[in-house]
Amino acid sequence: ILARQKEEITLEIEREEMSLADMLSNLKARLKINKTLSVTEFFGQMHNKRELVLAFIAVLEIVRTEAVKLLQTDVFGEIVLKKV
């Protein structure tokens, strides 16, 4: 019994949970440094589906509440967040 317990390896993966407030503050900080931000680039930096969903909601929320616009110059072109 002791030999079997030694062979058993347990893996624990610690996940760093990010909240919507954290994602919003991250997005605001990026927009403070640069007045424009590529939405595709921002979404590309997310590590998992949960972060991607939070990033999408954060973009919608910041456009709704802050002086930020979503701009797209060409059809199927890059979408950019721009602080006004």
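1. A residue is called buried when its relative accessible area is under 20%, exposed when over 50%, and partly exposed in between (1.4 Å probe, protein chains only). By this criterion, 20% of the 84 residues of the protein chain are buried.

2. The model is predicted: local features need pLDDT of at least 70, side-chain atom pairs count only at pLDDT 80 or more, and totals for chains, interfaces and linings use all residues. Residues are numbered from 1 along each chain as its sequence is written, and side-chain values use heavy atoms, with hydrogens and water left out.

3. The protein chain has four helices and three strands, in the order α-α-β-α-α-β-β. These elements are DSSP runs numbered from the N terminus (helices: H or I, at least four residues; strands: E, at least two).

4. The largest nonpolar core has 15 residues, of which Met23, Leu27, Leu31, Leu37, Phe42, Ile62 and Leu81 touch the most other members. Helices α2 (20-33), α3 (39-44) and α4 each contribute at least two residues to this core, and α4 gives the largest share, five residues. Such a core is a set of buried Ala, Val, Leu, Ile, Met, Phe, Trp, Tyr and Cys residues joined through side-chain atoms within 4.5 Å.

5. Beyond its neighbours within four places in sequence, Leu81 is in contact (heavy atoms within 4.5 Å) with residues including Leu27, Leu31, Leu37, Val59 and Val63.

6. Leu60 lies in helix α4. Leu60 counts as partly exposed because its relative accessibility is 45%.
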